[in-house]
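Work through the exercises below with the sequence and the model in view. Try each task before reading its solution.

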Amino acid sequence: MTGLMTGSYRCRVVTRDDPPALRAEPFWRMQDEGLATTVFYDVAAPAIVHWHAVTGPDVAWLVRIETEAGDLVAVAWLTGFTGRCALTHFCVFRAGQPDAVRIGLAFVRWAFDTGHFDSLAGITPATYRHALRYITALGFTVQGRLPGACRLVKRANAAHPGGRCVPGIISVITPHDLTQEETA
C-alpha cells in the first residue's frame, strides 16, 4: 500500500516505522509556503502539535504524494473513518499547483485502489471557493450545507472573537464518479 504508483505520482502512507521527520515535513512545508493558516482555518497559530494531532497514526492515514523522482508535491490525510468511508483533506504545495487536478485524481484513484474505501467525503468552508472548485474538478459531488460547521479564526472580530462560523459544504466521491479517462 505504501508504494503504489498512480500515473506520474506516487502515494505513500507514512507509518509508525518511518522517521518522524517524514511525518513533520509536510507541515513545515505548509508553514514555509504560507498554506498552514488556510489548511488549519480553525486554529489561530498552527503549530506542529496541531499537525500531529490530526495526522498521527492513531487517527489518520497521512499520505505523501510525490513525483516519480521523490519530490513532495502534495499531502493528503484521511480521518474520521466510518465503515468504508473517510474524511479527506488535501494540501497541494506551490510547485504542484499547476498540476493540482492530476495530483488530486492520482490520490483519489490510489485511495480507491487500496480496496479500503467505497467513498471519500469532505467538509469544505463555503467561503473557500478555490477549494470547492478543486474538489468538484476531482469529481466530488456536493451533498449539502452544514450550517456553522467551519470556524474561520482568521475572521475573528469584536462580534466574533473566536472566529466566524460559516457553513461547511459536504461532498462525496465514489469510484463510479471517476470517468473512464480518469481511471485509465
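Contact means heavy atoms within 4.5 Å. This is a predicted model: local features need pLDDT of at least 70, side-chain atom pairs count only at pLDDT 80 or more, and totals for chains, interfaces and linings use all residues. Residues are numbered from 1 along each chain as its sequence is written, and side-chain values use heavy atoms, with hydrogens and water left out.

**Exercise 1.** Find which residues of helix α1 meet which residues of helix α3, and describe the packing.

Start with the elements. Helices are DSSP runs (H or I, at least four residues) and strands are too (E, at least two), numbered from the N terminus. Helix α1 covers residues 20-32 and helix α3 residues 48-55.

Next, list the contact. From α1 come Arg-23, Ala-24, Pro-26, Phe-27, Trp-28 and Met-30; from α3 come Ile-48, Trp-51, His-52 and Thr-55. Sort them: seven are nonpolar, two polar and one charged. (Ala, Val, Leu, Ile, Met, Phe, Trp, Tyr, Cys and Pro count as nonpolar; Asp, Glu, Lys and Arg as charged; the others, Gly among them, as polar.)

Now the geometry. Axes are lines fitted to C-alpha atoms, for helices over the stretch in contact, and angles run from 0 to 180 degrees between N-to-C directions. The α1 and α3 axes lie 10 Å apart, at an angle of about 130°. Therefore α1 and α3 are oblique to each other. (Under 35 degrees is roughly parallel, over 145 roughly antiparallel, 65 to 115 roughly perpendicular, the rest oblique.)

**Exercise 2.** Decide whether Thr-88 is buried or exposed.

Locate Thr-88 in strand β5, residues 85-92. Its relative accessibility is 9%, so Thr-88 counts as buried. (Buried means under 20% relative accessible area, exposed over 50%, partly exposed in between, with a 1.4 Å probe and protein chains only.) Setting aside neighbours within four places in sequence, its contacts are Trp-77, Leu-78, Phe-107, Leu-120, Ala-121 and Gly-122.

**Exercise 3.** How many disulfides does the whole structure hold?

A disulfide is a pair of cysteine sulfur atoms within 2.5 Å. The search finds zero. Check Cys-11: the nearest cysteine sulfur, that of Cys-91, is 15 Å away. Cys-11 is buried, at 0% relative accessible area.
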